[in-house]
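Here is a short report for someone meeting this structure for the first time. Look over the sequence and the model, then read on.

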Amino acid sequence: EDPNVRMGAISYGPYGFREIVREHVKNHVDHIKILATGGVLSYGDVWDIPQMNLDEIQAVVDESTKFERKVAAHAHGDKGISMAVEGGVHSVEHGTGVEEATLRKMVDRGTYLTPTIWALNSILQPGNPNHISAQSVQKAEYARQVRDEGMHRAVASSVKFSYGTDAGVFPHAQNNKDFALMVGFGMRPIDVLRSATSSAADLIGVDDRGTLAPGKLADVVAFRGNPLEEIAIMESAPALIVLGGARVDPARLST
């Protein structure tokens, strides 16, 4: 890892953010992510207030698109989500409390929603096993109520979903928990599976993966049972893993 490479940055104004995008592109970053609002785990900010102006978001999207990069926006609260969507981002991460008018705008623009359900739930686990600060737990308690209301609206809409986890907030071994949680909000199991495969590939702009078809990357994972009948199977150990056409021993992944 190059110590001179900034993986995150703070800037001001449209041209300041254009400069940051160019710097990241030069350092071979594949995707650009912005913090359109504050965060639940961020100390000292308000989690659902916009942190960027519309012209700044538009500048990030314009500069990133020029270099064929997609832009994801961390966004909590409808005001910040709506501004990110208006600015042209390709996906909204979390989307806490998204309202119907914003969802309609996302549908019209083809903006993806990446809910990251377990990321918030993990903060509120009994006993606080991840040692989250009291301030963030308090934020999360309110955010969960707003999140749930927004998720029910989103599932009832025609918005496109992509499967993302925000892993790092919790241990990476728990990345698979959102399958059952999203079904719990009313999504069909097949749609949740597509959100993690073909829809995810579409979002990031790759056509060599995401579906089982001749000529695609031979990356396959199989489970014992039918996830369309019991989605919780996706949280079990896989029976088969194939990467690039080569079989991988599942036991290697647990070490």
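Is Arg194 buried, exposed or partly exposed? Arg194 is partly exposed, with a relative accessible area of 41%. Here buried means under 20% relative accessible area, exposed means over 50%, and partly exposed lies in between (1.4 Å probe, protein chains only).

## About the model

This is a predicted model, in which local features need pLDDT of at least 70 and side-chain atom pairs count only at pLDDT 80 or more, while totals for chains, interfaces and linings use all residues. Residues are numbered from 1 along each chain as its sequence is written, and side-chain values use heavy atoms, with hydrogens and water left out.

Helices (H or I, at least four residues) and strands (E, at least two) are DSSP runs, numbered from the N terminus.

## Helix 1 and helix 2

Helix 1 spans residues 13-26, and helix 2 spans residues 54-66. Their axes come within 8 Å and cross at roughly 30°. That makes helix 1 roughly parallel to helix 2. Axes are lines fitted to C-alpha atoms, for helices over the stretch in contact, and angles run from 0 to 180 degrees between N-to-C directions. Angles under 35 degrees count as roughly parallel, over 145 as roughly antiparallel, 65 to 115 as roughly perpendicular and the rest as oblique.

Which residues meet here? From helix 1 come Gly13, Pro14, Phe17, Arg18, Val21 and Arg22. They meet Asp55, Glu56, Ala59, Val60, Asp62, Glu63, Ser64 and Lys66 of helix 2. Contact means heavy atoms within 4.5 Å. The residues of this contact divide into 5 nonpolar, 2 polar and 7 charged. In this count Ala, Val, Leu, Ile, Met, Phe, Trp, Tyr, Cys and Pro are nonpolar, Asp, Glu, Lys and Arg are charged, and the others, Gly among them, are polar.

## Salt bridges

Side chains of opposite charge can pair when their charged atoms come close. A search of the whole structure finds 14 salt bridges. Each is a side-chain nitrogen of Lys or Arg within 4 Å of a carboxyl oxygen of Asp or Glu. One of them joins Asp45 and Lys139 (3.2 Å, N to O). Asp45 lies in the loop between strand 1 (31-35) and helix 2, and Lys139 in helix 6 (residues 134-156), so the pair ties together parts that are 94 residues apart in sequence. Lys139 is buried, at 9% relative accessible area.

Lys160 forms a salt bridge with Asp202, with the closest N and O atoms 3.9 Å apart. Lys160 is in strand 5 (residues 160-161) and Asp202 in helix 9 (residues 198-204), 42 residues apart. Asp191 and Arg194 also meet in a salt bridge (3.7 Å, N to O). Both lie in helix 8 (residues 189-195), 3 residues apart, about one turn of the helix. Salt bridges that share partners join Arg18, Arg22, Asp62, Glu63 and Lys66 into one network.

## Buried residues

Helix 3 covers residues 78-86. Its buried residues are Gly80, Ile81, Ser82, Ala84 and Val85. Their cover includes helix 2, strand 2 (70-76), strand 3 (91-96) and helix 4 (100-109). Just after helix 3, Gly88 takes a positive phi of about 100°.

Ala154 sits in helix 6. At 0% relative accessibility, Ala154 counts as buried. What does Ala154 touch, not counting residues up to four places away in sequence? Ala154 touches Val98, Leu103, Leu113, Val159 and Phe161.
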